[in-house]
Amino acid sequence: MMPITLVGWFGIAIGFAAVFMVSGRERGITRVSVALLLAALQTATGIYFHEWAQTGTTDAALYYYDRYDFYQRGFALNTQFVIWVVQGLKEWFGGTYLDYFLLFQAAGTWGAIYLMRAFEDIHTLARAPFDKRLFLLLFLPGLHFWTAFIGKDGFLFLGAAMCGWATIRIRERWLTFAIGVVIMTLFRPHIGILAVAALAAAILMDRETKGLAKLMLAGLAAVGVVLVAGTLYDTYRIDIGSAEAVGDFLARQSRAAAKMEGGTAAVGLPLPVAMLSLLFRPFFFDAGGFEGLIASFENLVLVGIFGYFIYRFGWLRKLFTGTLVVRYAVFFAFLVTMMLSLTYYNVGLGLRQKMMMMPAILMIFAALIATSKIALPVRARRRRERPVPA
């Protein structure tokens with residue numbers, strides 16, 4: 001294993017610094033212990049991913065080695081931005097390949113901590129005691145594996161988690177939301193646009209929103225969706241002169257999918273099938289090897305979460321109608337899922353990209369759990385008020 005230099009230790013320190021976000025929030029050490037475990041797990045995963053990447057082609061190599069010399073082209077968004085950052089840091093501070101895995105993995109820790117705080121704040125909003133079983137969701141393997149390497153996924157996960165947490169109290173946390181949008185825009189501009197469109201649509205449906213504001217928000221949401229639709233072709237075409245195109249080409253060749261036996265291609269699927277494949281594959285029958293089994297067990301949890309959404313659909317609809325954060329999470333998860341499904345062609349790549357929507361999905365689930373004790377009395381009262389036949 002390569003030595004860890006100052007850059008790597010700085011990345012580890014940044015990751016563990018996220019623990020201070022939950023320290024001192026209450027007496028006891030449960031939350032601090034969970035945060036420390038998350039930071040330690042993320043650091044270990046970054047080291048593991050570095051070793052795992054030695055045997056396969058990943059876009060981390062594009063960013064660190066820059067064999068196409070894209071750094072000389074200067075600042076730009078998307079893949080070019082990652083190359084610009086990594087090569088600029090190497091020019092100033094040096095650092096090994098492992099160091100930059102440890103630097104980028106810190107984003108995943110911060111994203112998990114923001115998600116933890118969102119779970120807590122949702123329970124506070126519902127005036128319900130916190131269900132500590134939700135902590136287990138923060139240890140889903142994919143949340144750590146796909147956010148612990150040199151690339152976009154960790155920061156996209158962080159930006160999505162920041163925006164979700166900020167939406168719980170958007171008037172107080174609008175700056176955090178804006179920072180989350182900027183982070184996502186730097187790494188994938190269309191995801192940042194979708195976050196703004198989702199918030200605009202969520203506020204648009206609020207009963208307190210006035211007529212002129214509704215018109216402006218509707219226009220903002222529509223413009224956001226149109227802009228995203230217009231960038232899909234430019235983002236996913238292959239062009240050796242484009243850093244973004246080369247990055248996506250290498251992602252197609254990623255050995256993440258190759259480590260799973262069976263067919264992993266997903267080209268030409270109908271949109272509903274592509275959405276299901278994106279969300280729930282691999283699922284035991286089309287996955288082999290240790291990594292495939294872990295991904296399948298994680299998708300089993302996701303199947304359970306969506307099954308709970310269906311089971312509690314009536315209550316979820318009420319939360320959607322009456323709660324801004326749930327509306328935003330539903331809109332964001334739906335829009336990102338639709339966008340990714342339109343460009344979905346590989347199970348391994350889908351596993352990575354799915355992390356962008358996971359904060360929203362898990363926040364919806366947390367909202368249902370937090371309000372479950374509220375929903376039961378409502379249903380019981382309705383049964384009592386139902387007229388008795390003569």
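The crossing of helices α5 and α18 is right-handed, meaning the near helix is turned clockwise from the far one by less than a right angle. Please keep in mind that this is a predicted model, where local features need pLDDT of at least 70, side-chain atom pairs count only at pLDDT 80 or more, and totals for chains, interfaces and linings use all residues. Residues are numbered from 1 along each chain, and side-chain values use heavy atoms, without hydrogens or water.

Back to our pair: the axes of α5 (residues 97-125) and α18 (residues 358-370) come within 9 Å and cross at roughly 30°. That makes the two roughly parallel, a label for angles under 35 degrees.

Now look at α15 (residues 313-322) and α16 (residues 324-342), whose axes come within 6 Å and cross at roughly 105°. These helices are therefore roughly perpendicular, the word for 65 to 115 degrees. Their contact includes Leu 316 and Phe 320 of α15, and Arg 327 and Phe 331 of α16.

Finally, which residues touch the most other members of the largest nonpolar core? They are Met 116, Ile 150, Tyr 328, Phe 332 and Ile 361, out of 109 residues. Such a core joins buried residues (under 20% relative accessible area, 1.4 Å probe, protein chains only) through side-chain atoms within 4.5 Å. Helix α5 gives the most to this core, with 14 residues.

Methods
Axes fitted to C-alpha atoms, helices over the stretch in contact; angles between N-to-C directions. Helix = DSSP H or I, 4+ residues; strand = E, 2+ residues; numbered from the N terminus. Parallel < 35°, antiparallel > 145°, perpendicular 65-115°, else oblique. Contact = heavy atoms within 4.5 Å. Buried < 20%, exposed > 50% of the residue type's maximum accessible area, 1.4 Å probe, protein only.
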